[in-house]
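Subject: Structure handover

Hello,

Here is the structure for you to look over. My notes follow below it.

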Amino acid sequence: QQQQQQQQPGNAAAAGQQASGAEAEGGAAKDTRRVELVVPAASGGIIVGKKASQVKRFRIACGVKVVVKDGPEGEDTKRVLIEGQQDGIDKAVAMLAETISLWASTSDDRELPKTPHEWCKRLAAQLPVGSSTRRALEKG
């Protein structure tokens, strides 16, 4: 039942909400968190990488799980779901801002922010006020 609740949209999937997880060793409960961020659809490829190389990089460097899904129908967006410990999420969101800025710097779209700092601000605006991830991004 708990697993079913976690898979339903809106249950612990909103930015900064806490979900219960289990550690691989010993089975002790460990707090995990999930954030969901919306990014331009065209950036999805660079976030995933060839043969999921970027997703693996997030997992190894930050200890988080990253999943990229389609955004709402009719919108040119992707949803990036990040799950893990809070410090790993903070690091992963900063890496995401860096990754997207690399993609945006080669884009002809003049409306897109081009620097990691600008993407940090844009991603932070999607997170709940007062969340530790938002505070970390706003510091740049």
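Ser101 first. Leaving out residues up to four places away in sequence, Ser101 touches Lys114, Thr115, Pro116 and Trp119. Ser101 sits in helix H4. Its relative accessible area is 5%, so Ser101 is buried. Please keep in mind that this is a predicted model.

Now the core. The largest nonpolar core holds 26 residues. Phe58, Val64, Ile82, Val93, Leu96 and Leu123 have the most contacts inside it. Five elements each supply at least two of its residues: strand E2 (29-40), helix H3 (53-62), strand E4 (77-84), helix H4 (86-105) and helix H5 (116-124). Which of them gives the most? H4 does, with 9 residues. In soluble globular proteins, nonpolar side chains tend to be buried together.

Phe58 deserves a look of its own. Neighbours within four places in sequence aside, Phe58 is in contact with Ile47, Gly63, Val64, Val66, Ala92, Met95, Leu96 and Thr99. Val64 and Leu96 in that set are also among the core residues with the most contacts.

Next, helix H3. Its buried residues are Gln54, Val55, Phe58 and Cys62. Why do they lie on the same side of H3? They cover an arc of only 110° around the axis, and that puts them on one side. What do these buried residues pack against? They pack against helix H2 (44-48), strand E3 (65-70) and H4. Just after H3 comes Gly63, with a positive phi of about 70°. Gly63 is also one of the contacts of Phe58.

Helix H6 (residues 132-139) can be read in a similar way. Thr133, Arg134 and Leu137 are buried there. Their arc around the axis is only 100°, so they fall on the same side of H6. The cover over these buried residues includes H4 and H5.

Then the charged pairs. How many salt bridges are there? The count comes to 4. Three of them are described here, including the pair formed by Arg79 and Glu36.

- Arg79 with Glu36: the closest N and O atoms are 3.4 Å apart. Arg79 lies in strand E4 and Glu36 in strand E2, so this pair ties together parts that are 43 residues apart in sequence. Arg79 counts as partly exposed, at 25% relative accessibility. Glu36 also counts as partly exposed, at 25%.
- Lys78 with Asp70: the closest N and O atoms are 2.6 Å apart. Asp70 is exposed, with a relative accessible area of 53%.
- Glu138 with Arg134: the closest N and O atoms are 2.8 Å apart. Both residues lie in helix H6, 4 residues apart, about one turn of the helix.

Arg134 is at 17%, which is under the 20% cut-off, so Arg134 counts as buried.

Then turn to the buried residues of H3, which pack against H4 among others. Those of H6 have H4 as part of their cover. Finish with the salt bridge between Arg79 and Glu36.

Best regards

Notes:
Residues are numbered from 1 along each chain as its sequence is written. This is a predicted model: local features need pLDDT of at least 70, side-chain atom pairs count only at pLDDT 80 or more; totals for chains, interfaces and linings use all residues. Side-chain values use heavy atoms; hydrogens and water are left out. A nonpolar core is a set of buried Ala, Val, Leu, Ile, Met, Phe, Trp, Tyr and Cys residues joined through side-chain atoms within 4.5 Å. Buried means under 20% relative accessible area, exposed over 50%, partly exposed in between (1.4 Å probe, protein chains only). Contact means heavy atoms within 4.5 Å. The arc is that of the directions from the helix axis to the C-beta atoms. A salt bridge is a side-chain nitrogen of Lys or Arg within 4 Å of a carboxyl oxygen of Asp or Glu.
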